[in-house]
Amino acid sequence: MDLELLQTPFYQRALIAAAMIGFSNGFFSGFVVLRRNALSVSALSHTMLPGIALGIFLTGSLSQWNAFVGAMVAALVVGLGSVAVARGNRIEQGTALAVLYTSAFAAGIALLPKLDTRQELEHWLFGDIIAVSNTDLWVAFGIGATMLLVTNLAMRPMLLTLFEPSVAAAQGVPVRLMQYLIFGLLILALVSSLQAVGCVLSVGLLVAPAAIVSLFTDRTSALFWGGGCVGAVGSVVAVLSSGALGITPGPAIVILFGLLFIASYLFSPKYGLIRFKRRTAN
Amino acid sequence: MDSSSHHSDCAHHALHHELVIDSLSVFYRHVPALENISMATSCGNRVALIGPNGAGKSSLLKAIAGLVPKKSGSIQWRGTTVRKWFHEFAYLPQREEIDWLFPITVRGLVEMGRYPQTGAWKKFSSKDDEAVENALRSMGLLDLQQRQIRQLSGGQQQRTFIARSLAQEAHVLLFDEPFTGLDRQAAVSLGKLFEKLAQDGRLIIASHHDLNTAGSLFDEALLIATRQIAFGPVSEVLTEQRLDQLFPNKPLDC
């Protein structure tokens, strides 16, 4: 590791961004794991690409804000659209989501050659954490703080909703509101992770941390706070080692979580495969 | 009914706690799920909802729990009209609808029952802890309270959900097919548990599809097929003629 590199402002910013984005996404991954909807989150994350492309297409330039807004609007339209289609009782929500998100992703790819900012767009696909500005840091901080505040204020009704919506509704939990709140926070988390890992890989950051923690403990609170810590530390370590290994930071983050997940799956003292084998052999 | 063994809250009332459903209709869009259902029953009873698939048994339970909007008609509990949810009603869904892999302990699940009292933020008071403790004790779950719910047997899972509704201080327990998926022994003990809950003064309303056991497990029956066919004591409601009409090809031992 290059110590001189550590002293450069852009590298310091990248590390701070990795810690903040890693924590807020890792924290939220607890919801994704509890709700068992990693695949629909993956669908939503892909939807952000055409959103960004459309944002650039309409405004003629690529900036932080039109990319964010484009990504957010596209994810909202496809996500809520799939819910609306599923209301009709004819099409299941997963089916609707799959059709809508692949169409949107295809439209994004079709739109790419028409934009002259193609080069930079790749940063949005796979992340470009080295390029974060001070403004980006404030955006990441704002999103992270909002997510933590809202989830902690509404943790009890949210968990009741995730566990069994009808029982929760019969107890007076505003289930519909909680479902929209969780969905809104998910979109925020996805958008905030764009900078670090890009839209194609963002699911890695939004699922893996809590999935790793869930192999070690059954405590719900640990899924959230543990997921946050794993997300932050993992992201920082990945950024630090990416230079030496000659990998771009975005993929490095997701690869590291993948390796951690596999290692935990095999060796976790509580639910690891190897321990499990040994226990059943006895 | 022996009022001395009655649930303490019930015993204070000169009248039994009465649930009155008056010409209730529920529609999903334009399709009727329930039309013109009327019945009156009170604490201490076990009521079976019986009817073919799609007859509206689940819809009726959900309507009482305030989960689906009523198109017309009313539900009155203890003399007041219930409009939406009410903490004295507890809804217990079918076992398949519950995510048993959700990481939560038996105690954690029972503590969820206190939400109507604590809301989103209030800390657990000693009264809340006591309610949870009592609920666990009366369902014989004290030794299992730290277990994950996925590690329980079917009967224990059922009891955990009942404990949750007891912690909520619910008087009316609304079960969707509680006996489905239980082995024989668990079904027998759930039957005994229903008897005890009713003796303690709770009102049990459950959808049930086993016509053979309805008579021994329940006091009253509501026979429905979207519309109401009959309501009253089980033996009077379940006449052969009515059942032949409702379940033309149904083998008796299902």
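**View 1. Chain A as a whole.** Buried residues account for 47% of the 282 residues of chain A, in a model that is predicted. Chain A holds 13 helices and zero strands, so that, read from the N terminus on, its elements run α-α-α-α-α-α-α-α-α-α-α-α-α. Its radius of gyration is 19 Å, which agrees with the value near 19 Å that a compact globule of 282 residues would have. Along the principal axes, the C-alpha atoms of chain A fill a box of roughly 55 × 50 × 35 Å. Of the contacts in chain A between residues at least 6 apart in sequence, 73% join residues that are at least 24 apart.

**View 2. Helices α11 and α12 of chain A.** The axes of helix α11 (residues 220-245) and helix α12 (residues 249-267) of chain A come within 8 Å and cross at roughly 125 degrees. Because of this angle, α11(A) is oblique to α12(A), and the crossing of the two helices is right-handed. On the side of α11(A), the residues that meet α12(A) are A:Gly234, A:Ser235, A:Val237, A:Ala238, A:Val239, A:Ser241 and A:Ser242. Their partners in α12(A) are A:Pro249, A:Ala252, A:Ile253, A:Leu256, A:Phe257 and A:Leu260.

**View 3. Helices α10 and α12 of chain A.** The axes of α10(A) and α12(A) come within 9 Å and cross at roughly 25 degrees. That angle makes α10(A) roughly parallel to α12(A), and the crossing of this pair is left-handed. The residues of α10(A) that make the contact include A:Ala196, A:Val197, A:Gly198, A:Leu201, A:Gly204 and A:Leu205. From α12(A), the contributors include A:Gly250, A:Pro251, A:Ile253, A:Val254, A:Phe257, A:Gly258 and A:Leu260. Among the residues of α12(A) in this view, A:Ile253, A:Phe257 and A:Leu260 also meet α11(A).

**View 4. The largest nonpolar core.** This core has 155 residues, and those touching the most other members are A:Ala71, B:Phe89, B:Tyr91, B:Leu174, B:Ile204, B:Ile205 and B:Ala221. Its largest share, 25 residues, comes from helix α10 (residues 175-214) of chain A, the helix that also runs roughly parallel to α12(A). In chain B, leaving aside residues up to four places away in sequence, B:Ile205 touches B:Val47, B:Leu49, B:Leu61, B:Ile64, B:Val172 and B:Leu174.

**View 5. Where chain B meets chain A.** In this view, 20 residues of chain B are in contact with 16 residues of chain A. On the side of chain B that touches chain A, β6 (89-92) and α4 (115-118) each supply at least two residues. With three residues, β6(B) gives the most to that side.

**View 6. The surroundings of B:Ile229.** B:Ile229 has its place in strand β10 (residues 227-233) of chain B, and with 16 other C-beta atoms within 10 Å it is partly exposed. Apart from residues up to four places away in sequence, B:Ile229 touches B:Leu223, B:Ile224 and B:Arg242. B:Gln117 lies 112 residues from B:Ile229 in sequence, and the two are 38 Å apart in space, C-alpha to C-alpha.

Key. Residues numbered from 1 in each chain as written. Chains lettered and ligands numbered in written order. Predicted model: local features only at pLDDT ≥ 70, side-chain atom pairs only at ≥ 80, totals over all residues. Helix = DSSP H or I, 4+ residues; strand = E, 2+ residues; numbered from the N terminus. Rg over C-alpha atoms; globule rule 2.2 N^0.38 Å. Buried ≥ 20, exposed ≤ 12 C-beta atoms within 10 Å, placed from the backbone. Contact = placed C-beta atoms within 7 Å. Core = buried A, V, L, I, M, F, W, Y, C linked by C-beta atoms within 7 Å. Axes fitted to C-alpha atoms, helices over the stretch in contact; angles between N-to-C directions. Parallel < 35°, antiparallel > 145°, perpendicular 65-115°, else oblique. Left-handed = near helix turned anticlockwise from the far one by under 90°.
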